[in-house]
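Please open the structure in your viewer and keep the selection tool at hand.

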Amino acid sequence: MKSIKVGLLGIGTVGAGTFNVLKRNQEEIARRAGRAIEIVMVADLNEERARQLVGEQCEVVSDGNLVVNHPDVDIVIELIGGYGVAKDLVLKAIANGKHVVTANKALLATHGDEIFKAAQAKGVMVAYEAAVAGGIPIIKALREGLTANRIEWIAGIINGTTNFILSEMRDKGSDFDTVLKEAQRLGYAEADPTFDIEGVDAAHKATLMSAIAFGIPVQFEKAHIEGITKLEAVDIRYAEQLGYRIKLLGIAKRTEQGIELRVHPTLIPSKRLIANVEGAMNAVVVQGDAVGPTLYYGKGAGSEPTASAVIADLVDIARLADAQPEHRVPHLAFQPHSMSDLPILPIAEVTTSYYLRLHVADKLGVLANVTSILAESTISVDAMMQKEPALGETQTDIIILTHQTQEKNVEAAIKKIEALPTVLGKVTKLRLEHLS
Ligand code: NDP
Ligand code: HSE
């Protein structure tokens with residue numbers, strides 16, 4: 001059978017991994033795909049570096065338009081990143097009838113509907129396994145393996161950089177900036193690392209998972225996003241003392257009122273497997289009504305782990321390129337005419353448990369005042385810890401874990417608690433998920 005010809009846009013961290021793995025395992029991959037998969041053209045701004053990486057094996061250009069317009073190219077892999085040139089080239093490739101593979105979650109989470117519509121109209125595939133959780137085949141699992149299920153919720157550690165930072169800070173006491181630089185050196189971080197540390201990258205991925213889990217359009221703009229930059233070491237310590245780990249979680253949950261789509265630091269019971277996922281590893285728990293909870297674990301970032309997912313998409317396309325478009329897996333798992341209009345809930349409507357840290361004057365009656373406010377707000381307390389004031393100190397911390405309640409109840413209670421004269425400064429609020 002004729003080989004399938006691929007044009008590669010961007011040969012940086014993931015592009016170089018893709019080129020190398022495809023070359024190293026070409027025979028094994030061809031045996032699976034049923035034909036050879038050949039990169040025939042590479043576009044990168046740094047032509048010289050690209051030439052050094054690929055040798056004389058294929059044509060190297062600096063202008064991606066030459067790749068997307070080339071008549072011999074069947075599949076375009078977009079590994080440039082961002083929404084500017086990448087979007088333009090992806091749409092041109094689709095318009096030229098080429099299939100597309102991309103790892104670009106930022107692009108798909110913000111312009112996915114437009115791109116998938118264009119691909120649908122043209123009868124081509126846009127595959128994006130590498131866009132969520134690097135090398136873990138979570139898109140495949142959600143779109144195909146779990147297709148019998150009504151998916152109830154998904155919770156994942158889906159940003160390797162922040163999990164690496166949290167692990168190194170907790171285990172080695174390293175400081176934030178040093179670990180972030182190391183994550184950049186290892187190729188985990190985004191071109192703009194604020195996307196990682198402010199939770200934006202995880203929100204891109206959670207948005208894509210919510211779309212394919214619930215059959216809703218991609219709605220990144222409605223995701224609630226908090227990163228790890230405001231997280232304080234003292235809360236990581238107190239959480240540990242109470243039997244919890246803090247992880248940056250991406251959560252997509254179906255409720256009767258709508259979909260919760262949120263990314264924030266989250267307390268998880270230490271005994272959960274996912275609480276013990278360290279370094280740049282990712283893990284995603286999916287709760288389906290038939291299968292129950294399933295857990296997917298692996299490298300969420302880096303050159304070859306991500307290349308593994310990119311190449312899996314190439315093989316899928318090589319196998320399905322000649323199939324009728326209606327016989328392929330729909331881009332967002334559900335048939336385009338069967339999408340749901342379930343709304344994404346604002347954060348005030350979200351229901352979960354909470355960790356509250358109050359800094360208080362160590363005076364009689366403080367705790368009674370706080371608990372009566374919580375009771376008035378119908379917030380029930382699950383656990384409480386009051387620290388002994390340090391020697392000579394007259395102030396201390398109280399930590400309260402609540403049972404499930406709506407965010408707006410907690411916000412209203414916090415306002416009242418902060419107004420108490422014995423409560424000093426702002427209350428720290430973190431969300432807590434039992435994942436059971
Ligand atoms: P890199 O920055 O390492 O690679 C991007 C490459 O694209 C660079 O070589 C860059 O050249 C080149 N490039 C930039 N602009 C153009 C252009 N206009 N035309 C041609 N080439 C261009 O990024 P990564 O490989 O890390 O990431 C690529 C994509 O994969 C992103 O969407 C990212 O979010 C995603 N991803 C990354 C993962 C990772 O672990 N790194 C994991 C999962 C997904 P130059 O360097 O000269 O600017
Ligand atoms: N910057 C991302 C991360 C890369 O750290 O997880 C993988 O998507």
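How far is an oxygen atom of ligand 2 from an N or O atom in the side chain of Thr 161? Select both: the separation is 2.6 Å, a polar contact, that is, a pair of N or O atoms within 3.5 Å; within protein, one must be able to donate a hydrogen and the other to accept it, and residues adjacent in sequence count only if both atoms are side-chain atoms.

Before continuing, note that this is a predicted model, in which local features need pLDDT of at least 70, side-chain atom pairs count only at pLDDT 80 or more, and totals for chains, interfaces and linings use all residues. Residues are numbered from 1 along each chain as its sequence is written, chains are lettered from A and ligands numbered from 1 in the order in which they are written, and side-chain values use heavy atoms, with hydrogens and water left out.

**The site of ligand 2**

Next, select Lys 205, whose side chain places an N or O atom 2.7 Å from an oxygen atom of ligand 2. Then select Glu 190: one of its polar side-chain atoms lies 2.7 Å from a nitrogen atom of ligand 2. On its own, ligand 2 has 260 Å² of accessible area, of which the protein covers 95% (Shrake-Rupley method, 1.4 Å probe).

Now display the residues around ligand 2, which include Asn 159, Tyr 188, Asp 196 and Gly 300 (each has a heavy atom within 4 Å of the ligand). This shell comprises 3 nonpolar, 4 polar and 5 charged residues; Asp, Glu, Lys and Arg count as charged, Ala, Val, Leu, Ile, Met, Phe, Trp, Tyr, Cys and Pro as nonpolar, and the others, Gly among them, as polar.

**Lys 105**

Select Lys 105, another residue of the shell. It belongs to helix α6, residues 105-122 (a DSSP run of H or I, at least four residues). An unreviewed UniProt entry annotates Lys 105 as "binding site"; such annotations may be inferred rather than shown by experiment. Its relative accessibility is 11%, so Lys 105 counts as buried (under 20% relative accessible area, 1.4 Å probe, protein chains only). Among the residues it touches are Glu 190 and Lys 205 (heavy atoms within 4.5 Å).

**Thr 352**

Finally, move to Thr 352 in strand β13, residues 351-361 (a DSSP run of E, at least two residues). Is Thr 352 buried or exposed? Thr 352 is buried, at a relative accessible area of 0%. Its side chain reaches the backbone oxygen of Leu 432 at 2.9 Å and forms a polar contact of 2.8 Å with the side chain of Glu 433.

Conventions. Buried < 20%, exposed > 50% of the residue type's maximum accessible area, 1.4 Å probe, protein only. Lists of a residue's contacts leave out its neighbours within four places in sequence.
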